[in-house]
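Trainee: I am new to this structure. Please pick one part and go through it closely, with what lies around it.

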Amino acid sequence: MLFNGMFHSGVFAWTGYFFFKNYQLDEQGVGFALLGYGIPGLLLGPLLGKLADKYGRNRIIPIGILIGAVSAILLSMNYSLAASCIFIVTLSFGFELTHPLFAAIITTLSPKKGAATGLFAFFLFMGYGFGSLVFSLIVNIGLHKAFRLFGIVAFVGAFMAAYHFKKER
């Protein structure tokens with residue numbers, strides 16, 4: 001959960017600056033560009049849960065991480081504004097494929113659901129903070145290179161998840 005939070009927050013925390021710098025959007029324009037991040041969760045939430053029930057968390061989690069990785073890499077390639085807005089939606093789609101499933105896994109680790117949920121929240125929000133911090137430390141290599149690097153790390157994470165979650169159903 002920590003790494004999932006780090007990846008998504010690390011990238012998302014810097015997407016506003018990305019849209020400002022690359023497309024010269026003002027605050028309102030940045031807000032509209034980032035609005036797509038909420039679409040998958042709002043429109044597809046119940047469907048995504050059914051996908052996990054049908055295909056298993058062992059498949060959906062690596063796919064979600066992979067979609068997030070590809071989205072970050074595509075954001076680094078300086079496509080049009082419209083394409084970058086779509087990549088924000090796919091970045092969120094990757095998060096929505098992983099986040100609820102990680103929550104479900106964590107709540108099965110302890111008979112005390114409150115403790116497991118608190119642990120989940122702790123690591124998620126620590127990941128949000130660390131992700132933004134790590135991105136701020138590497139952004140000096142260039143914004144596009146930082147997005148690419150985060151995407152490559154997540155790509156490796158997708159393969160690690162496929163291996164580690166192969167017995168998860």
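Mentor: Helices (H or I, at least four residues) and strands (E, at least two) are DSSP runs, numbered from the N terminus. The model is predicted: local features need pLDDT of at least 70, side-chain atom pairs count only at pLDDT 80 or more, and totals for chains, interfaces and linings use all residues. Residues are numbered from 1 along each chain as its sequence is written, and side-chain values use heavy atoms, with hydrogens and water left out.

The part to look at is the aromatic cluster. One such cluster is formed by Phe7, Trp14, Tyr17, Phe18, Phe19, Tyr23, Phe135, Phe147 and Phe150. Rings of Phe, Tyr and Trp (its six-membered ring) pair if their centres lie within 6.5 Å; planes under 30 degrees apart count as stacked, over 60 as edge-to-face and the rest as tilted. The count by this rule is 14 aromatic pairs. Take tryptophan 14 and tyrosine 17: their ring centres are 5.9 Å apart and their planes stand at 85°, so this pair is edge-to-face. Both residues lie in helix H1 (residues 2–23), and because they are three residues apart there, about one helical turn separates them. Tyrosine 17 has a relative accessibility of 38% and counts as partly exposed; buried means under 20% relative accessible area, exposed over 50%, and partly exposed in between (1.4 Å probe, protein chains only).

A second pair joins phenylalanine 18 and phenylalanine 147, with ring centres 5.2 Å apart and planes at 55°, so this pair is tilted. Phenylalanine 18 is in helix H1 and phenylalanine 147 in helix H7 (residues 143–164), so the pair ties together parts that are 129 residues apart in sequence. Phenylalanine 18 is buried, at 0% relative accessibility. Phenylalanine 147 is buried as well, with a relative accessible area of 0%.

Next, serine 84 in helix H5 (residues 81–107). With a relative accessible area of 0%, serine 84 is buried. Contact means heavy atoms within 4.5 Å. Setting aside neighbours within four places in sequence, serine 84 is in contact with Phe18, Phe19, Tyr23, Leu75 and Tyr79. Among these, Phe18, Phe19 and Tyr23 belong to the cluster. The side chain of serine 84 also makes a polar contact with the side chain of tyrosine 23, at 2.7 Å. A polar contact is a pair of N or O atoms within 3.5 Å; within protein, one must be able to donate a hydrogen and the other to accept it, and residues adjacent in sequence count only if both atoms are side-chain atoms.

Glutamine 24 sits in the loop between H1 and helix H2 (27–34). Its phi is positive, about 50°, although glutamine 24 is not a glycine. Glutamine 24 is exposed, with a relative accessible area of 60%. Asparagine 78 sits in the loop between helix H4 (57–75) and H5. Asparagine 78 has a positive phi of about 60°, and it is not a glycine either.

Finally, leucine 124 is a residue of helix H6. At 5% relative accessibility, leucine 124 counts as buried. Residues up to four places away in sequence aside, leucine 124 touches Met1, Gly5 and His99. The C-alpha atoms of leucine 124 and lysine 50 are separated by 23 Å, the two residues being 74 residues apart along the chain.
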